[in-house]
Amino acid sequence: MTNKISIIRISAIAAALLALAACSGGGEDGHAEAGEAHAAPTSSSAGLPQGHVTAGEQLASAKGEATGQSCVDCHGAEGNAPIDATYPKLGGQYADYLAHALQQYRGGDREHALMSSQAKSLTDQQIADLAAYFGSRESQLRDLHDVH
């Protein structure tokens, strides 16, 4: 009787693992795009279209018209090496958080001397792409537990 119960449990676990594997595909066809191993979620609480990591990477290095700076000029390579300690690390941050922040800078609901002008001309797709890119990078974020 114990062996029968163990076989049933193993079968149930195997079925659950197969179902999870089937649901975890990266792109629309279930395969991750090249270079997007850490792809950001495809839905957005910011109401934006799906972001594309590759497009976001290119945009992150492009100089903005307003300031002549790119994202990586200030936030560093992959968003993890800011030039100033007061600038946030973006790498590994939640894509939706980044998208909301950029929308707020663009709309004037959040203000910063550089970021407000940088974000003003961004389209929804560009915001989604930047959020997908920085959200897909390795995280060097830390919480404040045990700081004091």
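**Close-up views of a predicted model**

**View 1. Glu78 sits in the loop between α3 (71–75) and α4.** Helices here are DSSP runs of H or I with at least four residues, numbered from the N terminus. This is a predicted model, in which local features need pLDDT of at least 70 and side-chain atom pairs count only at pLDDT 80 or more, while totals for chains, interfaces and linings use all residues. Residues are numbered from 1 along each chain as its sequence is written, and side-chain values use heavy atoms, leaving out hydrogens and water. Although Glu78 is not a glycine, its phi is positive, at about 55 degrees. Glu78 is partly exposed, with a relative accessible area of 35% (buried means under 20%, exposed over 50%, partly exposed in between, with a 1.4 Å probe and protein chains only).

**View 2. The largest nonpolar core has 19 residues.** Such a core is a set of buried Ala, Val, Leu, Ile, Met, Phe, Trp, Tyr and Cys residues joined through side-chain atoms within 4.5 Å. Look for Leu48, Ala99, Leu102, Leu122, Ile127, Leu130 and Phe134, which touch the most other members. At least two residues of this core come from each of α2 (53–61), α4 (95–107) and α6 (124–136), and α6 gives the most, with seven residues.

**View 3. Ala99 has contacts beyond its sequence neighbours.** Leaving aside the neighbours within four places in sequence, Ala99 is in contact with Ala46, Leu48, Ile127 and Ala131 (contact means heavy atoms within 4.5 Å).

**View 4. α2 and α6 pack at an angle of about 95 degrees, with their axes 7 Å apart.** Axes are lines fitted to C-alpha atoms, for helices over the stretch in contact, and angles run from 0 to 180 degrees between N-to-C directions. That angle makes α2 roughly perpendicular to α6 (65 to 115 degrees; under 35 is roughly parallel, over 145 roughly antiparallel and the rest oblique). On the α2 side, the contact is made by Val53, Ala55, Gly56, Glu57, Leu59 and Ala60, and α6 brings Gln126, Asp129, Leu130, Ala132, Tyr133, Phe134 and Ser136.

**View 5. α4 and α6 pack with their axes 8 Å apart, at an angle of about 140 degrees.** The two helices, α4 and α6, are therefore oblique to each other. In this view, Ala95, Leu98, Ala99, Leu102, Gln103 and Arg106 of α4 meet Asp124, Ile127, Leu130, Ala131, Ala132, Phe134 and Gly135 of α6.
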